Number of protein chains: 4
Amino acid sequence: MDFRELERKVVAFREERGWGIYHTPKNLAISAAVELGELLEHFQWGSDGEILEAVKDPTKKEAIADEIADVVIYLTLLAHELGIDIDEAVERKLEKNGRKYPVGVTPE
Amino acid sequence: MDFRELERKVVAFREERGWGIYHTPKNLAISAAVELGELLEHFQWGSDGEILEAVKDPTKKEAIADEIADVVIYLTLLAHELGIDIDEAVERKLEKNGRKYPVGVTPE
Amino acid sequence: MDFRELERKVVAFREERGWGIYHTPKNLAISAAVELGELLEHFQWGSDGEILEAVKDPTKKEAIADEIADVVIYLTLLAHELGIDIDEAVERKLEKNGRKYPVGVTPE
Amino acid sequence: MDFRELERKVVAFREERGWGIYHTPKNLAISAAVELGELLEHFQWGSDGEILEAVKDPTKKEAIADEIADVVIYLTLLAHELGIDIDEAVERKLEKNGRKYPVGVTPE
């Protein structure tokens, strides 16, 4: 699935439910932050080693995957409201990053 | 671009720069939150109407698109470290959401 | 209660429970962000008018107050670990802000 | 300084500058999250040991203290708008936590 297909799916999902009126830019930006907070909860107390061990449990892994998906879904809805093409945005940002941090040069 | 292609690109990008050693699960989760904070900054003071007006300016729109891209890039790197397939995760989460909120039923 | 009294209380609370070993700077910073995410949840869908109406309900108001308290508690623990005096930090920041934004001058 | 004194100070600060009209609950909640994102940036790449070493530098320590102060300032303004007394909120939350996690009982 690419971002345009994802956009079609999540917009159709919310239109079927009449939720569009709540999907203002501010509300969607807050929603992405709420979900990212829930994602962070999985990284709150364990060490990196414990986290990598914990995700061997499929239930734990799916719980984290769900939170990542929620953030991606809200970002897609936010981008849709603002007329932003995430596919294009990511491509452009990777190019910018490549110019900012050339291979072989250590960032400060 | 789909998530698997994005994953290949961002992992190649960081490998070329030797940044992998910093990309622990905790660090990447924090990084996604840092970038989401920068995204939120664009929604801090304006009303929804003012935000929709502001993104008519291509420079402002690109600035917001860059922040969305940064969050997506860090989530992709985080998912990679945890062995999570974002494409699959989003598909599964949309199905779960569909069962949780059937069309025609108002959520509380 | 001032910040020094709060610091004594929350440090005593966690020492009695032996939680100190989990209270590393990174873990506490993540914890503050997790709680701020829970706080944001109360501002996710309602308009400002609806939120101000909702907090007339003491249960709702206490739920929001609890989340604010949680963020403050984790920031206090984080400051403690780093040897930062929040009281001093807030005083100094207010002075800096006063110099940055003099009365009668409109910020850009 | 206790929270009531802090509240008086930050409210006076913003009234002198006529910023009250921007200080809606949603905007202030977003602002607290933006500042927490800036705080997180200091914990993004270093290990806990490196962070504790870094704060021995007074400039670095003050930079982190400033971000903690910013979050506290916005939470105080948010609480003010909602009629929440942070002092009372923190006292009550510590009592709740004490009942939820009695000394000598290990949380799951």
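## A ring at the chain boundary

Is Trp19(C) buried or exposed? This is a predicted model, and in it Trp19(C) has a relative accessibility of 19%. The cut-off for buried is under 20%, so Trp19(C) counts as buried.

The ring partner of Trp19(C) is Tyr101(D). Tyr101(D) is partly exposed, at a relative accessible area of 27%.

A pair of aromatic rings is described by two values: the distance of the centres and the angle of the planes. For Trp19(C) and Tyr101(D), the centres are 5.3 Å apart and the planes stand at 80°. The pair is therefore edge-to-face.

This pair crosses between chains. Trp19(C) sits in the loop between helix H1 (3–17) and helix H2 (25–41) of chain C. Tyr101(D) sits in the segment after helix H5 (86–100) of chain D.

Over all chains, the structure holds 14 aromatic pairs. One of them is formed by Trp19(A) and Tyr101(B). This pair is edge-to-face, with 5.3 Å from centre to centre and 80° between the planes.

Trp19(A) belongs to the loop between helix H1 (3–16) and helix H2 (25–41) of chain A. Tyr101(B) belongs to the segment after helix H5 (86–100) of chain B, so the pair joins two chains. Tyr101(B) is partly exposed, with a relative accessible area of 26%. Ring pairs also bring in Phe13(A): together with Trp19(A) and Tyr101(B), Phe13(A) makes up a cluster.

## How the copies are related

Take chains A and B. The same surface serves both copies: 100% of the contact residues of chain B recur in chain A.

Now take chains C and D. Chain D superposes on chain C by a rotation of 180°, with 0.0 Å of shift along its axis and an RMSD of 0.0 Å. Of the residues of chain D, Asp2(D) comes closest to the rotation axis, its C-alpha at 1.9 Å. Of the interface residues of chain D, 100% are also interface residues in chain C, so these copies meet through the same surface.

Key:
Residues numbered from 1 in each chain as written. Chains lettered and ligands numbered in written order. Predicted model: local features only at pLDDT ≥ 70, side-chain atom pairs only at ≥ 80, totals over all residues. Heavy atoms only, no water. Contact = heavy atoms within 4.5 Å. Phe/Tyr/Trp six-rings, centres within 6.5 Å; stacked < 30°, edge-to-face > 60°. Helix = DSSP H or I, 4+ residues; strand = E, 2+ residues; numbered from the N terminus. Buried < 20%, exposed > 50% of the residue type's maximum accessible area, 1.4 Å probe, protein only. Least-squares fit on C-alpha atoms with pLDDT ≥ 70 in both.
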